[in-house]
Amino acid sequence: MRISELLDAPVVDPAERQIGVVRDLRVTPRPRFQVTGLTIGQPGWLDRAAHAWGFAEGRAAAPWPLRKLTQRAARRARFAPVALIGSWGPERVVVTAGFTSLQPLDESS
Amino acid sequence: MNRAFAFTLGTLSAIGGFIDIGDLVADAQVGARFGLRLAWVSLFTVAGIMCFSEMAGRVALKTQRPALALARSRLGPRFGLFGLIGSLLVTALLVMAELAGVALAFQLATSVHYLLWVPVALALVLLVVWKLPFEVMERVYGLLGLAMLVFVVAVWQLDPDWSQLWSSATTPAPTGRETWATYLFFLVALVGAQMTPYEMFFFSSGAVDHRWRPKDIKVMRANVIVGFPLGGILAVAIQAVAFLVFFEAGVRVEHLSQTALPVAVALGKIGLVVAIVGIFAATFGATLETLFASSYDTAQYFGWSYGKVQPPARAARFTTVMLALLFAAAALALTTLDPITVTIVAVVCSASLLPFLFLPVLLVANDRELMGELANGRLSNAVGFATVTVSVIVAALAFPLLILTKGGTV
Amino acid sequence: MTEHVSVRMTLLDAQIVDRDRLPIGRVDDLELFFPPDGGPPQIARVLTGSQALGKRIGGVIGRWLTSMSARLRRPGSRAGPSTFDAGLIADTKPMVRLRVQADELEGIAGLERWLASRLVERLPGTGHADK
C-alpha cells in the first residue's frame, strides 16, 4: 500500500462510526522507518491546512491570524498509536478505541 | 569574498531585479494616465518584497536551499503544480516582453524596427546562457542596470512643480478622465510589475550560491534594506517623468519606444544613450533571471538537478525546459503581438500568482523545527501576513478587472 | 514514548540527493510493507518520478502525467513507477540523502539521461562546465 492511499482515508471506530481521516503517519527515524501511529484529523480544507502547514504538529505557531484560523483543527487532532490500529486499508482504517480515548496530537511527541 | 564587495553586489542585483520591462511599461503608462496617483502602491510593494526577500534569504541561510524548494510539502503537489504551470505561462509571456525590450534598446540605438532585432536578442541570450558563469551575468547586468537611474535625474531636469507632484502623489483616486476600474486595474498591474517573484527567488538562490551562512545575516539584511527601496524610487521616477511629459498632452503610452522618450526630452541625446544602456541591461538581465527562475522552479518541483552549477548535460531536463521557454517566447515575440499589451497581461497574471509563492515561504519561515533561532519574528510576520492578505485580494481582482477594463484600454 | 517523526514533514515531497549531493528527484510517494507476523508496518520503498506523482495529483493532469511518464520510460523497464529501497537513505535532514550514487540506481531519472544523450549533449558548447 502506498502512503498516498492512506492519507485522507476515513478512520472508523469498532462500531464502524467515522471518527476522522488520516492526516499523517509517524515513523521511527532511519534506518527502519517503522510506523508508530497515525495522526487523525477531521474532514475539511481548514483541517487539511492545519496539518499541512505545521500548526497541528506544533512546528509553527505564527503568524497569529493563521494560527487562530487553524486552532480548532489543531485541538481536534488526535494520535492513534500503531497498537490501536485494527486494520489498515485505503478504504478505511479501523481504530480499536473510541475517539475520546485517543490522546491529543500535541501530547504525543 | 570581501564583505563590502558582497554587499555592493547584492544591492546591485536588488535594484537590477526590481526594474524590468514590466516596470518600464506599467510605470510609464500609469504616469501618463494617472500621474503619481498610484505612486503610493510602491510603498506597499517595496515593503512586501523586502519582507519576503529577507524571509527567503533567511530560509536559504539556515537550510542551504532556496525558500520555494520547500513549498511543495506545504501546499501539496496539486496546488504546487498549479502554481508552477501558472508561473511557466506567465514567464513565457514575460520573456517575450523582455526580448522585445532588448530589441527596443537596439531599435532606439539604430532606428531599425525592433522585430528585426528579436532574433539578435535571442542569439545574445543563448550565447550568454551557454557561455557566461552566473555570477558574472548577475554583476554585469546589475551594474549596467544602474544606468536606469537616469530616469531619476530626468525628473530634476524637467524642472517640475514639486507641489503639483506632491498633490498628485497624495491623491489616491483616479483622475477626472479615468474610472475607478482602470485605476484599480493599474494598481494590480503595478503590484505585478514591482513584486516580481523572481526577485525573491534570486535573492535566496544568490544566498545559496554565495554560500552565505547564518553569520552572514547582517550582509543579507543590509542588501535588502538598501537595494529594494532604490528600486522603488526608480519605479516612481519612471511614473514621474511620464507624468511630466505625457499627462498634460493626454498622450497614452502605446509603443515601447515611448517609455524612453521623457528621458530624451529631459536630457537630450546623452540621456537617451544612458537610458538605452539601462533599458538594455534591465530587460536583458530580466530575460535571464525570469528564464532561470522558472526553470529552477520546474526543476525543484520535480526534484531534478539544475543548471549553472552543473554542466548542461548533467542537468538535461533543466536545460531543456529553459530552451523550450526561450524559443516559445521568441516565437511569440515574432508573431507581432503588441509587446505593451503582452507585458500588461503578463504582470497582471503574475500578480494573481503571488499568494502561491508568498504563502509557502511565510509558512516555512515560521517552522521552528526547521528554522530554529532564525524563525520569523513579529515584524516579519506582521508585514508578511499583511502582504499575503493584500496579494490574495489583488489576485482575486486581477482577472475580473482585466476583462472589465479590456486590459486597461477602456 | 519512542522518538518518532512526521512522514509528511520529513519524507514525503522531500528532495532526494545522492551521495555526492546530486539531485535525483522528489519523494513522490512511499510504499508500506506489512510484516506477515502482524508487526507494525514499515516504509519499504521510495517512489520517485512523475508516474508516482501523477497518481497523487489525480484528475486529467495527473493521469496525463502518469501515462506520459510511463510511455517515456525505456521499453523493457518495469511498468510500475520507479522505486528504490528505503534502506538506501542515509540522512533525512535537511533533505533525503542516499548512501549511493545516482548512477547506481536503476530506472531512475530516465528522462534526464534520454534528454542528455539525445538532445543536450549534441548542442554546441555543452562540454564545458560552467564553474
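## Chain A and its contacts

In chain A, take the contacts between residues at least 6 apart in sequence: 45% of them join residues at least 24 apart. Here two residues are in contact if their C-beta atoms, placed from the backbone, lie within 7 Å. Everything described here belongs to a predicted model, where local features need pLDDT of at least 70, side-chain atom pairs count only at pLDDT 80 or more, and totals for chains, interfaces and linings use all residues. Residues are numbered from 1 along each chain as its sequence is written, while chains are lettered from A and ligands numbered from 1 in the order in which they are written.

Chain A holds 3 helices and 7 strands, and along the sequence they follow the pattern α-β-β-β-α-α-β-β-β-β. Helices (H or I, at least four residues) and strands (E, at least two) are DSSP runs, numbered from the N terminus.

## The size of chain A

How does chain A compare with a compact globule? A compact globule of 109 residues would have a radius of gyration near 13 Å, and the 14 Å of chain A agrees with that. This radius is taken over C-alpha atoms, and the globule rule is 2.2 Å times the number of residues to the power 0.38. The C-alpha trace of chain A spans about 40 × 35 × 25 Å along its principal axes.

Of the 109 residues in chain A, 44% count as buried; that takes 20 or more other C-beta atoms within 10 Å of a residue's own, with 12 or fewer for exposed and partly exposed in between.

## A look inside chain B

The largest nonpolar core has 209 residues, and B:Met96, B:Leu99, B:Val241 and B:Val361 touch the most other members. Helix 12 (residues 261-302) of chain B gives the most to this core, with 21 residues. A nonpolar core is a set of buried Ala, Val, Leu, Ile, Met, Phe, Trp, Tyr and Cys residues joined through C-beta atoms within 7 Å.

Leaving aside residues up to four places away in sequence, B:Leu99 touches several partners, including B:Val118, B:Leu122 and B:Thr287.

## Where chains A and B meet

Here 12 residues of chain B are in contact with 8 residues of chain A. On the chain B side, helix 16 gives the largest share, 3 residues.

## How confident is the predictor?

The complex receives an ipTM of 0.87 and a pTM of 0.86.
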